[in-house]
Amino acid sequence: MKTATILRNIMASVGFLVLLTPQNAHAQLVPQPWVSVGSKDDDVTYSVGARALNWGAELGIGPDSATGVDVLKFISLPVVSPYVGLGYYSEDKGLAVSGGVQVGAGDNLFLGAGYNSVRGINGQLGVRF
């Protein structure tokens, strides 16, 4: 009878240790910001963006001072992350579609290239925390 009680206490202790032991985090909810410079019809365009949980948002300034916001969906692959997006811009530019790719360039940096129907071709430089 004593052996059964000791065995039960050991099993309960091991169970509590397993439940209370900290687990490794598999993902962090830290946005990855970037800046972008591009060109459309000989005008320079700018944008800033951030990505978290494979979704992103980008605030951009295009030709004729058209400003707008794009919502982006990323596909996470080991080294590259292609994306597609949809946005809306002022100055009668209307709806914009975009697409591109971001590539890891080290532990904390990434580079990207993309196209936006309002802002044209752009290059991106971003940071991972």
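**Figure 1. One helix and eight strands make up the protein chain.** Along the sequence the elements follow the pattern α-β-β-β-β-β-β-β-β; helices (H or I, at least four residues) and strands (E, at least two) are DSSP runs, numbered from the N terminus. This is a predicted model, in which local features need pLDDT of at least 70 and side-chain atom pairs count only at pLDDT 80 or more, while totals for chains, interfaces and linings use all residues. Residues are numbered from 1 along each chain as its sequence is written, and side-chain values use heavy atoms, with hydrogens and water left out. Of the 129 residues, 30% count as buried (buried means under 20% relative accessible area, exposed over 50%, partly exposed in between, with a 1.4 Å probe and protein chains only). The accessible surface comes to about 8600 Å², and 68% of this belongs to carbon and sulfur atoms; areas come from the Shrake-Rupley method with a 1.4 Å probe, and for residues only the protein chains shown count as cover. Among contacts (heavy atoms within 4.5 Å) between residues at least 6 apart in sequence, 29% join residues at least 24 apart.

**Figure 2. Strand β1 pairs with β2 and with β8.** Two strands pair if DSSP finds at least two bridges between them. β1 and β2 run antiparallel over nine bridges, and within this pairing serine 39 has valine 44 of β2 as its bridge partner. Two residues separate the strands of this hairpin, where aspartate 41 takes a positive phi near 50 degrees. With β8, the antiparallel pairing of β1 covers six bridges, and serine 36 stands opposite glutamine 124. In a regular strand the side chains alternate between the two faces of the sheet.

**Figure 3. Glutamine 102 is a buried residue of strand β6.** The strand runs through residues 94–104, and the relative accessible area of glutamine 102 is 3%. What does the side chain of glutamine 102 make a polar contact with? The partner is the side chain of glutamine 124, at 3.0 Å; a polar contact is a pair of N or O atoms within 3.5 Å, where within protein one must be able to donate a hydrogen and the other to accept it, and residues adjacent in sequence count only if both atoms are side-chain atoms. Not counting residues up to four places away in sequence, glutamine 102 also touches several others, including Trp34, Arg51, Phe74, Tyr83 and Phe110.

**Figure 4. Arginine 119 joins Glu58 and Asp70 in one salt-bridge network.** Side chains of opposite charge can pair when their charged atoms come close. The whole structure holds three salt bridges, each a side-chain nitrogen of Lys or Arg within 4 Å of a carboxyl oxygen of Asp or Glu. In one of them, glutamate 58 meets arginine 119 with the closest N and O atoms 2.9 Å apart. This pair links distant parts of the chain, 61 residues apart: glutamate 58 sits in β3 (residues 55–61) and arginine 119 in the loop between β7 and β8. Aspartate 70 also forms a salt bridge with arginine 119, at 3.6 Å from N to O. Here the separation is 49 residues, with aspartate 70 in β4. Glutamate 58 and arginine 119 are buried, as is aspartate 70.

**Figure 5. Lysine 93 and aspartate 64 form a salt bridge between two loops.** The N to O distance is 3.2 Å. Lysine 93 lies in the loop between β5 (80–89) and β6 and aspartate 64 in the loop between β3 and β4 (67–74), so the pair ties together parts 29 residues apart in sequence. Are these residues buried or exposed? Lysine 93 is partly exposed, at 32% relative accessible area, and aspartate 64 is exposed, at 55%.

**Figure 6. Asparagine 116 is a buried residue of strand β7.** Its relative accessible area is 0%. A polar atom of the asparagine 116 side chain lies 3.2 Å from the backbone nitrogen of arginine 119. Leaving aside neighbours within four places in sequence, asparagine 116 is in contact with Asp70, Tyr89, Ala96, Val97, Ser98 and Asn122.
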